[in-house]
Amino acid sequence: MNRLDFDPLLDDLETRVLVCCGSGGVGKTTTAAALALRAAERGRRVVVLTIDPARRLAQSLGLRELDNHPREVVVDGFEPKGELFAMMLDMRRTFDDMVLTHAGRDRADQILSNPFYQTISSSFSGTQEYMAMEKLGQLVAQDEWDLIIVDTPPSRSALDFLDAPQRLSTVLDGRFIRMLSAPARASGRGLLKIVGTGFSLFTRAVSTIVGGQLLQDASTFVQAFDSMFGGFRERAQRTYELLRSPGTGFVVVAAAEPDALREASYFVERLSAEKMPLCGLVANRTHPVLAADLPAAKALAAADDLDRSGDAPLAAAVLRLHADRVAVADREKRLLARFTRAHPGVPLVGVPALPADVHDLDGLREIGRRLAGE
Amino acid sequence: MTSWTEELTRARLHVVSGKGGTGKTTVAAALALALATGGRRVLLVEVEGRQGIAQLFDRAPLPYSEERIASAPGGGEVHALAVDAEAALLEYLAMFYNLGFAGRTLRKMGAIEFATTLAPGLRDVLLTGKVKECVNRTGPDGRHLYDAVVLDAPPTGRVVKFLDVTKAMADLAKVGPIKGQSEGVVRLLHSGDTAVHLVALLEEMPVRETLDAVAELDGADLRPGAVLVNRVQPTRLPARSLPVAAEGRLDESRVRAGLKTAGLDLDEFTLEGLVDETVEHAIRVRSQQDAAELLGQSDLPTLELPDLTDGVDVAALYELAEVLVAAGVR
């Protein structure tokens, strides 16, 4: 097995951006925070961008509010060699800021107050992913940190993160909005000829379903947005390029579970297809056996003996929980071996689970040690 | 652990949600098998385009049609359906606008995908609309075709929005076929025929998210059903040893003496490993207990499913279904 070795990666000044991705619930945010803490303690000037962190994790980083700007992590007794900054993404504010930057004041007001914009900026499924990328672009452009670690949105599938910006672009690009709203605006005959009667029927059907008002709002929005769209797309394109640049690395986080590893596999394949640099896989929360010399079968047989005599209930319990642990560890090893067989070139590190939740810097530091294989 | 209630037995639509990573799909499938036990016909539906059911039952991706995927003890059967919003929209268009052929062309152009992203609520309305149709469908004998429908719903963060069709419709057309049909969906989802179950793990975050979801469901006038606690680990230690071990103060000499009695003469290193494993186990069990206590605040029926060390395969689903049946699910 090819081992993922974090310390050289974190120490390398050429490493400028690390993106932690993976499916929901695998511990991406904690991993991102632990890597950032470790890098700061090893001397880097780091900022970690978290998306929707658990409350206690946020508090441990001193993040009390969502103010969309990095704040230095100041905690008693925390004196890193480098510096650690942290922030939580406010997706709506990031979107608003982007509109304000790219459109003139009047135009911007028009866009911000449009009901369709409000829908897109708060509930469209790709917006969070897009805004995470936008914020990453901004942090890079600010050039105040020598390492940026990004968490990715808690999507169902790890791939959403790469696809969502494209999906949002397609919607905002407005080809269909224009087509749909054309008959409502004017005669629209030219369009109808091009796409045929199916489309006219479709337009009628869709406007019956979604309502004329929504189409009207969408159409107004797209017209106002048009002026800034060039800049918008260019920005997205630049961020995409950034993700491909040599200073960037992707860290795929997965639990040692079939679903999470399957998602990780898709992601690894996709990154390679997109020529995006992959650092490796973090197999999070594993349960390695700590008393490896005692086989499970022997432990169980001894526990049975003890149960029969009823002499030593504590020792019997210790033996049984050891056998449980061996079974879990074997299963995790099997699953990870399967992943490695499918992706032999991908470096991997197993991170043994902490028995309790992490909610302070000490906990993050411990995870950092485990990530580094200490 | 409490058990399934009379009220839940009357529900015909069982919505299953939960925090990401809690095993929502597995639990939904086990629930479908449990409900089918004894000769009933149950439909298991997924709506997120992940083909999670097919993977779980180890078979090819499900088409947009209802397929029989498993038999349950006592002559029951589980059918499955992967609903997809685009297909559901095409179904409507074909039904109300005679748009069969043109619809397919539009789909190729990406227009359908566009229409469902244009109004984010539309997607949910289409998906829940299809589910309602399945719940209400009757056979030639006039009886419901499915005795129960189990919906593998979006995770807790999104589920209330997903089910709150009234709100989604506020943004959409005020007339037309979808409007008419959504009123039926609203009636079903807010009636005693529907229960929204939440899958949780005995860890602090999933429990907090479950409690938040219960409050959110209550606020939206949706009915929380049961809490299905997944992957509960067995407590191996005797009750009196647990708190001491969780503090890291395990009586090593007693463990060593006990092991000797069983004929195990272990080296220091292995013994230390066993002690560390035991301490970790105790800490986990204790935080499980804390989480269970916190979960008690929900005041909902709470059913526990064991952690399966060998992972979840089809046989394991039947095992989990048995546990649910034993807890009164029917």
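Predicted model: local features only at pLDDT ≥ 70, side-chain atom pairs only at ≥ 80, totals over all residues.
Figure 1. Chain A comprises 16 helices and 8 strands. Of its 374 residues, 55% count as buried. Contacts between residues at least 6 apart in sequence were examined in chain A, and 77% of them join residues at least 24 apart.

**Figure 2. The largest nonpolar core, with A:L84 and A:I149.** This core has 94 residues, and A:L84 and A:I149 are those with the most contacts inside it. A second, separate core has 44 residues, including B:V15, B:Y146, B:A213 and B:V227. In soluble globular proteins, nonpolar side chains tend to be buried together.

**Figure 3. Surroundings of A:L84.** With residues up to four places away in sequence not counted, A:L84 touches A:A36, A:L37, A:A40, A:V46, A:V48 and A:L61, among others. Further along the sequence, its partners include A:R71, A:E72, A:V73 and A:F78.

**Figure 4. B:E77 in strand β4 of chain B.** Strand β4 spans residues 76–82 and contains B:E77. The relative accessible area of B:E77 is 18%, under the 20% limit, and the residue is therefore classed as buried. A polar contact of 2.8 Å links the side chain of B:E77 to the side chain of B:H79.

**Figure 5. Contacts of B:E77 beyond its sequence neighbours.** Neighbours within four places in sequence are left aside here. Among the residues in contact with B:E77 are B:A36, B:R40, B:R41 and B:V42. B:R68, B:A70, B:S71 and B:A72 are also in contact with B:E77.

Note on methods: Residues numbered from 1 in each chain as written. Chains lettered and ligands numbered in written order. Heavy atoms only, no water. Helix = DSSP H or I, 4+ residues; strand = E, 2+ residues; numbered from the N terminus. Buried < 20%, exposed > 50% of the residue type's maximum accessible area, 1.4 Å probe, protein only. Contact = heavy atoms within 4.5 Å. Polar contact = N/O pair within 3.5 Å; in protein donor to acceptor, adjacent residues only side chain to side chain. Core = buried A, V, L, I, M, F, W, Y, C linked by side-chain atoms within 4.5 Å.
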